[in-house]
There are 2 protein chains.
Amino acid sequence: MVKKPENTKQKILLLGEKLLKEKGINAFSYHDISSSLGVKNAAVHYHFGSKEDLLLAIIEENRKRFEQMIQQMGTAGHMEVWNGLQEFINIYISSIENNRQICLFGSLGSDFFTIGPKGQTSLKLLSEKILAWLSEILTEGRKRGEFEFKGHARIKAMMLCSALAGGLQLARISEKKDFYNLVDQIKSDLKPS
Amino acid sequence: MVKKPENTKQKILLLGEKLLKEKGINAFSYHDISSSLGVKNAAVHYHFGSKEDLLLAIIEENRKRFEQMIQQMGTAGHMEVWNGLQEFINIYISSIENNRQICLFGSLGSDFFTIGPKGQTSLKLLSEKILAWLSEILTEGRKRGEFEFKGHARIKAMMLCSALAGGLQLARISEKKDFYNLVDQIKSDLKPS
DNA sequence: GTCTATATTCCGATAGAC
DNA sequence: GTCTATCGGAATATAGAC
């Protein structure tokens, strides 16, 4: 769940994230943010000196949210793995239901060569955390016989993230329903036969 | 295979496509194109009056290339389905080997709300053609027992496109090798057990 | 913390000469 | 078909008053 904004800085951060996931880092400006919040350009620069600062804060915000989620879920060994997977998928469902937003990796993967090295590194660290966590769930679920898939859990995790990220983008081109079908297919493919 | 540029217009078109797939539609300018080709801004505008015109031409170019590919392969009923699938996947492999370009759907899906209705419609038509073709291959392959998957071929086709599109983006964040692992996983998941 | 005002740069696009 | 020149606008960013 997204925190309710309490001050201008938090409002800027959340609106920046929204614009990042709706239009991309190169398609929104500080003026978009300031005018929408009823403040001036300079106020945004006061809180986030440069656009890169804002981007880094957005990535960090997503990292915190993810860490909080997995912390509340507990370790893979003590988790209902299907619930854990569904919680993860729910992040993407929330995105598509929220103005057809795409995910952080899809947005910044597409624009990867237009952001600075700090953003690239920060994004890479977050992706490693997410893939590691997802790999654990998959490994544990397969061990218990609740998931069934071939090959390495890590690669299967990459495939799930790729399909979900790409699915949000493809669903913009086609229709929202396609994303829900994709999610069902992903889950169906994981069910033991 | 990409045609060899013969004149300025073709050079602009191919360079525009390259920039679109490397940096995104909102991160390159006519100046990037003109300076790289050793001409002036006005020359680019002569060939493509507006950026939207260039975008439409890029989408159209990709459509032609796809139509040509499937025309050369023949109908699904007379095709080696694994070869057909591999040909399709090779488009993505060429992309990642070509400066880690992402695919058209990934790039324009991410920027979908920043392009005009003409581009959106043109992109949608192309995606329908590709999904229809891929669905045919999958259906034929499953009928012959060469592919194995659950559910509707159309949804499985959406999943393949999503995974490949997202995979190119994720591989930018992690590493190229991950994309090849993803491709192996996709193919492995399709093999009859 | 927010404002006005401004500096600077860049972008898409066009007019008119060659 | 390409050039020079330029317009109008938008972008990031900063200085200094309040």
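# Helices, chain copies and DNA strand D

Me: Which residues does Gln120(B) touch, not counting residues up to four places away in sequence?
Reply: Gln120(B) lies in helix α7 (residues 117–144) of chain B, where helices (H or I, at least four residues) and strands (E, at least two) are DSSP runs numbered from the N terminus. Touching is taken as contact, which means heavy atoms within 4.5 Å. With residues up to four places away in sequence not counted, Gln120(B) touches Phe112(B), Phe113(B) and Ile115(B).

Me: What pLDDT do side-chain atom pairs need in order to count?
Reply: Residues are numbered from 1 along each chain as its sequence is written, chains are lettered from A and ligands numbered from 1 in the order in which they are written, and side-chain values use heavy atoms, with hydrogens and water left out. The model is predicted, and although totals for chains, interfaces and linings use all residues, local features need pLDDT of at least 70, while side-chain atom pairs count only at pLDDT 80 or more.

Me: Does Gln120(B) count as buried, partly exposed or exposed?
Reply: Buried means under 20% relative accessible area and exposed over 50%, with partly exposed in between (1.4 Å probe, protein chains only). Because its relative accessibility is 21%, Gln120(B) counts as partly exposed.

Me: On what side of α2(A) do the buried residues lie, and over what arc?
Reply: In helix α2 (residues 30–37) of chain A, the residues Tyr30(A), Ile33(A) and Ser34(A) are buried. The directions from the helix axis to the C-beta atoms define the arc. These three lie on the same side of α2(A), because they cover an arc of only 90 degrees.

Me: Which helices do the buried residues of α2(A) pack against?
Reply: On the other side of α2(A), His31(A) and Ser36(A) are exposed. The buried residues, in turn, pack in chain A against α1 (8–23), α3 (41–47) and α4 (51–73).

Me: Which residues does Gln169(A) touch, not counting residues up to four places away in sequence?
Reply: Gln169(A) is found in helix α8 (residues 153–173) of chain A, and its relative accessible area of 0% is why Gln169(A) is buried. Residues of both chains touch Gln169(A), namely Ile102(A), Gly106(A), Phe105(B), Gly106(B), Gly109(B), Ser110(B) and Gln169(B).

Me: Which helix supplies the largest share of the surface near DNA strand D?
Reply: A residue is near a strand if one of its heavy atoms lies within 4 Å of it, and 16 residues surround DNA strand D, with Lys51(A), Thr8(B), Lys40(B), Tyr46(B) and His47(B) the closest. The α3 helices of chains A and B each supply at least two residues of this surface. The largest share, four residues, comes from α3(B).

Me: Which residue has a side-chain N or O atom 3.2 Å from a base nitrogen of DNA strand D?
Reply: Sugar or phosphate accounts for 64% of the atoms of DNA strand D within 4 Å of the protein, and bases for the rest. A backbone N or O atom of Tyr30(A) lies 3.0 Å from a phosphate oxygen of DNA strand D. The base nitrogen at 3.2 Å faces a side-chain N or O atom of Asn41(A).

Note on methods:
A polar contact is a pair of N or O atoms within 3.5 Å; within protein, one must be able to donate a hydrogen and the other to accept it, and residues adjacent in sequence count only if both atoms are side-chain atoms.
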